[in-house]
Amino acid sequence: MTGQTMLPQTILDDEQGRLAALRDLDVLDSEPEDAFEHVVSLVRAVLNVPMAAVTLIDADRQWFKARSGIGVAETPRNVSFCTHAIQQTAPFLISDARLDARFADNPFVTDDPNVRSYAGIPLLTPEGYNVGVLCAIDDKVRDFNEAEVALLGNFARIVMNELELRRIAERDQLTGALTRRGFLDKARQEMDRFRRYGRPSCLVLIDLDHFKQVNDAHGHPAGDAVLREMAATVVGATRPVDSLGRLGGEEFAVLLPETEAAEALVAVERFRVTLAQHDIAVPGGSTIRVTASFGIAPLSDSIATVEDWIAAADGPLYAAKRGGRNRCELLH
């Protein structure tokens, strides 16, 4: 199609990198949000289509962050039009899916919702990965004109801006850890996966020992340095799938997906030792060492909410503190 500009620096041959960029957005399986719902409603109205969606392409599924006129929350990736769209650096346009060999037998074409035409704009991260698509779908044959495609492109940029703002807003500015809100959202997603697939997961509460003494003896800039280094040390000892959150003050939490209780205890003991042996530079040129207490709670059927999960980890955390601090305790 003439008049289209190619999106620069798009990486199309690194699926692992693309999935990592998607994970970094921390948006899969999150609750509906007005900003994205508003965009798909506008797309439907402005382009006069019965269906529109913000879709994210996971390893084996497409998941709709927002959808209008579409009755399902996700579909297998292998029947997704948007899977083809993320392999493009330009808008992906289909005027009659029945005449396209890639889609003629697609169940969404042959059956409800009877897709005929499709326009998809890849959602391009600043790192150059197409993590998903903003798409407009019609049940009538049509050619999307250049003005319509340009409008859809503008809406796609709004979606990516919102995703980036969402990510920034969920990060603690001092430590780079997830904010309390961001961590709770992540924990809810993990609980949903546990209910769906029954996979193990553990939540770890971390409380710095005698942190008030650090502030009193060395000043608040030193306290900030300790919090930053503690977060960096834990992140350096965790896996990419793990998530660190700052719940408030000197209290942090870590999510360990796909981790049994015994494995979590080994990992957390590694965190404890690494932190205790780490020299932290503080303003004035000196270094100090700090320790932390850790409480671990495996996810179970008896835990109904994120608040319950945190409360479950509180018990072993306080046991660690009562036991002399600089300890790891596991919920039994």
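In strand S9, Phe252 is the bridge partner of Arg246. This pair belongs to a predicted model, in which local features need pLDDT of at least 70, side-chain atom pairs count only at pLDDT 80 or more, and totals for chains, interfaces and linings use all residues. Residues are numbered from 1 along each chain as its sequence is written, and side-chain values use heavy atoms, with hydrogens and water left out.

S8 and S9 (residues 251–257) run antiparallel and are joined by five bridges. Helices (H or I, at least four residues) and strands (E, at least two) are DSSP runs, numbered from the N terminus. Two strands count as paired if DSSP finds at least two bridges between them. Strands of a sheet pair through backbone hydrogen bonds, either parallel or antiparallel.

S8 and S9 are part of an open sheet of five strands with mixed pairing, in the order S8-S9-S7-S12-S13. At its edges stand S8 and strand S13 (328–330), each with a single partner strand, so one side of each has no neighbour in the sheet. On average, neighbouring strands here are turned by 20 degrees against each other, direction ignored. Axes are lines fitted to C-alpha atoms, for helices over the stretch in contact, and angles run from 0 to 180 degrees between N-to-C directions. Helix H8 packs on this sheet and touches strand S7 (201–208), S8 and S9. Contact means heavy atoms within 4.5 Å. The direction of H8 makes about 155 degrees with that of S7.

**The six-stranded sheet**

Another open sheet has six strands in the order S3-S2-S1-S6-S5-S4, paired antiparallel. Strand S3 (74–76) and strand S4 (92–94) are its edge strands, and each pairs on one side only. Neighbouring strands of this sheet are turned by 25 degrees against each other on average, direction ignored. Strand S1 (residues 51–57) pairs with strand S6 (residues 130–138) over six bridges, and Thr55 stands opposite Val133 in S6. Helix H2 (residues 34–47) packs on the sheet, where it touches S1, strand S2 (61–68) and S6.

Phe64 lies in strand S2. With a relative accessible area of 7%, Phe64 is buried (under 20% relative accessible area; exposed is over 50%, partly exposed in between, with a 1.4 Å probe and protein chains only). Among the residues that Phe64 touches, not counting those up to four places away in sequence, are Ala53, Val54 and Thr55.

**Empty space**

Rolling a probe the size of a water molecule over the atoms shows where empty space is left. On a 1 Å grid over the protein atoms alone, a cavity is a set of points where a 1.4 Å probe fits but cannot get out, while a pocket is an open set with protein on both sides within 12 Å along at least five of seven lines; lining residues have an atom within 4 Å of a point. Grid points are joined across faces, edges and corners, and a volume is the space filled by probe spheres set on the points.

| Space | Volume |
|---|---|
| Largest pocket | About 960 Å³ |
| Largest cavity | About 40 Å³ |

Of the 37 residues lining the largest pocket, Arg23, Lys186, Pro240, Val241 and Asp242 are closest to its centre. Helix H6 gives the most to this lining, with six residues. The largest cavity is lined by Ile11, Leu12, Asp14, Glu15, Arg18, Ile86 and Gln87.
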